[in-house]
Structure formats: C-alpha cells, structure tokens
Amino acid sequence: MLKGRHLIDPMDFTLEELNEVFNLADQIIACPEEFAHTCEGKILATLFYEPSTRTRFSFEAAMLRLGGKVLGFSEPNSSSAAKGESVADTIRTVACYADIAVMRHPKEGAPKVASMYSDMPVINAGDGGHQHPTQTLTDLLTIKTVKKSLSNQTIGLCGDLKFGRTVHSLIKALSRYENNKFVLISPNELKIPDYIRREILQKNNIEFVEVERMEEVIDKLDILYMTRVQRERFFNEEDYIRLKDSYILDGEKMKLAKDDMIVLHPLPRVNEISYEVDLDPRACYFRQAKYGMFVRMALIAKLLGVK
Ligand code: CP
C-alpha cells in the first residue's frame, strides 16, 4: 500500500511496490487522457532549495496533467528559508496548504528530516550528493521499456561517481534485480563512495569492476550511464577544471559499443556527451526525461491513493 507513504531512499519501496508504480506509468503512457482528472482538487508543493529543470518541471507537469494544481518555490531566497526557517517548520506549514510535497535540498538528509515532521507524503527530489530516488524511477522505467528487462544487464556508470547522487540511487536499485553487473568508470578522485562499494555491492556479492578508461570496457556494456562532473560539490574550482572533461562520449567511441547498447544520462549534460551522439538511435537521454514525467504521474497518484 503506497497511499500516504514518503519516498526518501530508492529502497523505501519493495520490488512489488515498484512494479505497481511502473504498471500505472505504462497505463498512463498508453492512454494519458484517461488520467486527466485523477488528481482534481489536490495540490502538489515543490520546495526546491537547489536549481532544477527536469525534476521540478516534470513533477509540476505530472500534477497538472493529472488535473491537480501546484505551488512552491524554485530557489530558497524567495521563501522564509532566507529568514532562517528550519526545514521542519517549513514542511509543517506547507502541509497546511498542500496534499503532497517534493523537496530538493543541498544538505544530505534534509528531505528525510522533512518527512519526519510531515503527515503528507514527502518525496526526495535530490539531497546533496546522496540520493535521487525519482531519477531512479525514471531510469528504471526507461531501462524496463527499452531493454525489456531490469535483470541480466551489464551497466557502465561513467563520470563523477563520488558526488553523483543519481548513480548512488541507481546502483542501489539495480542491485536488487538478478544478475546485473556494474562497470564503474571514473578518475581515481571521483570513485564510488565506500558505503556503496561495501554495503551494496560487496555485501550482496554483486559483480563489479572499477576502471579509469571507457575505451577498455565500452564494448561489454548493455547500458552506458553517463554523468556530469558535479561542479557545485567541489571544494575548489581548480580540481573541477582538471577533472571536468575526464570523459567525452563521441561518435568514435560509440563505434566500439554494441549495436543495442543504450546511452542514458540524468541530464543536465555539460560536455560529457558530444552533440553528434544525440543522432545515434542508441542515445536515450531525452526519451528518459520524458519517462520521468510519466513515472512521476504514477508516483503522485499512488502516494495520494487516488483512483
Ligand atoms: N536529472 C535531474 O535531476 O535534472 P535537474 O537537476 O534538471 O532536475
């Protein structure tokens, strides 16, 4: 039963509950007009303490397409956070006006704190370099639709694996499906955090390798998940400039990949995928952004318990 629940971490839902969300997303994709009044009379609050294009717009579009309404802020200086209000007080106040809230915050754990003070469902829309569970729903729905299975995949994750919250959430989620293997491609300074390596991969005996060169492994991948280097999480600009172009996926590298490998990226892209790759039928990142809206429609409907 998902009604009234929060979504803070990708492991908050069981595999059966994830399937419920994906099945509803599939129904919405097949016949969106049937859901145009599903959330009439309901209000979604979007509380964004950090910039966003896809997550905020797709949540707002999702609620509007379900017939509901939205309110919120896209940067904290336009809210009472600028006067020092705590996340706990903000969410208790917003719960007086809205039925469900989505929160993005630069501090790890802030949406979790909000959920502890909220009777309405709170959805984590990204907390610092920690987790981004609705990007993971987006990624899983994309993989399930395009590759026809969430199991038996060799997934290459490339770029900033240290600060990239989408990568942390995706590894957690895909580790629960059978026979997935991970190829972690990053510079030494941007390797996956130790808690993911130990608590998720090693503890569950999941096959993985860590490499620095994409060219060594691209031919073995079913999925290549590119990420940008997360400038906003670096302590100094020099390190960012040195590392930012560590990987650039271009047409030449795509020639080394399997014919049915797909390229995903949570976006925004900076420089890590050349524009020429957009024309390759294996490039799925804009389709992925669209699936993000449909899966968020399904998520909102499930958490609100509307028919
Ligand atoms: N993928 C993602 O979280 O994008 P935004 O930062 O634009 O929301």
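Contact here means heavy atoms within 4.5 Å. Keep that in mind as you click around this predicted model.

**Stop one: Leu 174.** Select Leu 174 and show what surrounds it. Leaving out residues up to four places away in sequence, Leu 174 touches Leu 140, Ile 143, Leu 150, Ile 155, Asn 180 and Phe 182.

Now widen the selection. Leu 174 belongs to the largest nonpolar core, a set of 58 residues. Along with Phe 22, Leu 140, Leu 157, Ile 171 and Phe 182, Leu 174 is among those that touch the most other members. Which helix gives the largest share of this core? Color helix H10, residues 285–304: eleven core residues come from there. Next, color domain 1 (10–131 + 292–304) and domain 2 (133–288) separately; both give residues to this core, so the core lies between them. Apart from it you can pick out another core, this one of 21 residues, including Val 183, Leu 224, Met 226 and Tyr 285. In general, nonpolar side chains tend to be buried together in soluble globular proteins.

**Stop three: helix H6.** Select residues 165–174. Is this helix enclosed or open? Ten of its ten residues are buried, so H6 is largely enclosed by the rest of the structure. The buried residues run from Arg 165 and Thr 166 at one end to Ala 173 and Leu 174 at the other, and they include His 168 and Lys 172.

**Stop four: the annotated site.** Select Arg 54, Thr 55, Arg 104, His 132, Gln 135, Leu 267 and Pro 268, which an unreviewed UniProt entry labels "binding site". From this set, Arg 54 and Gln 135 are in the lining of the largest cavity.

Zoom in on Arg 54, which sits in helix H2 (residues 54–65). Arg 54 is partly exposed, at 26% relative accessible area. Beyond four places in sequence, Arg 54 touches Phe 59, Pro 266, Leu 267, Pro 268, Ala 289 and Arg 296.

Then hop to Arg 104, in strand E3 (residues 100–105). Is Arg 104 buried or exposed? With a relative accessibility of 7%, Arg 104 counts as buried, because buried means under 20%. Setting aside neighbors within four places in sequence, Arg 104 is in contact with residues including Leu 47, Tyr 49, Glu 50, Thr 55, His 132 and Arg 165. Pro 51 is also one of its contacts: the backbone oxygen of Pro 51 lies 2.9 Å from a polar atom of the Arg 104 side chain. Draw that distance in your viewer, and the tour is done.

Terms used. Residues numbered from 1 in each chain as written. Predicted model: local features only at pLDDT ≥ 70, side-chain atom pairs only at ≥ 80, totals over all residues. Heavy atoms only, no water. Core = buried A, V, L, I, M, F, W, Y, C linked by side-chain atoms within 4.5 Å. Buried < 20%, exposed > 50% of the residue type's maximum accessible area, 1.4 Å probe, protein only. Helix = DSSP H or I, 4+ residues; strand = E, 2+ residues; numbered from the N terminus. Domains from an automatic or database assignment. UniProt positions renumbered as here; feature names shortened; annotations may be inferred. 1 Å grid on protein atoms, 1.4 Å probe; cavity = no way out; pocket = protein on both sides within 12 Å on 5 of 7 lines; lining within 4 Å. Polar contact = N/O pair within 3.5 Å; in protein donor to acceptor, adjacent residues only side chain to side chain.
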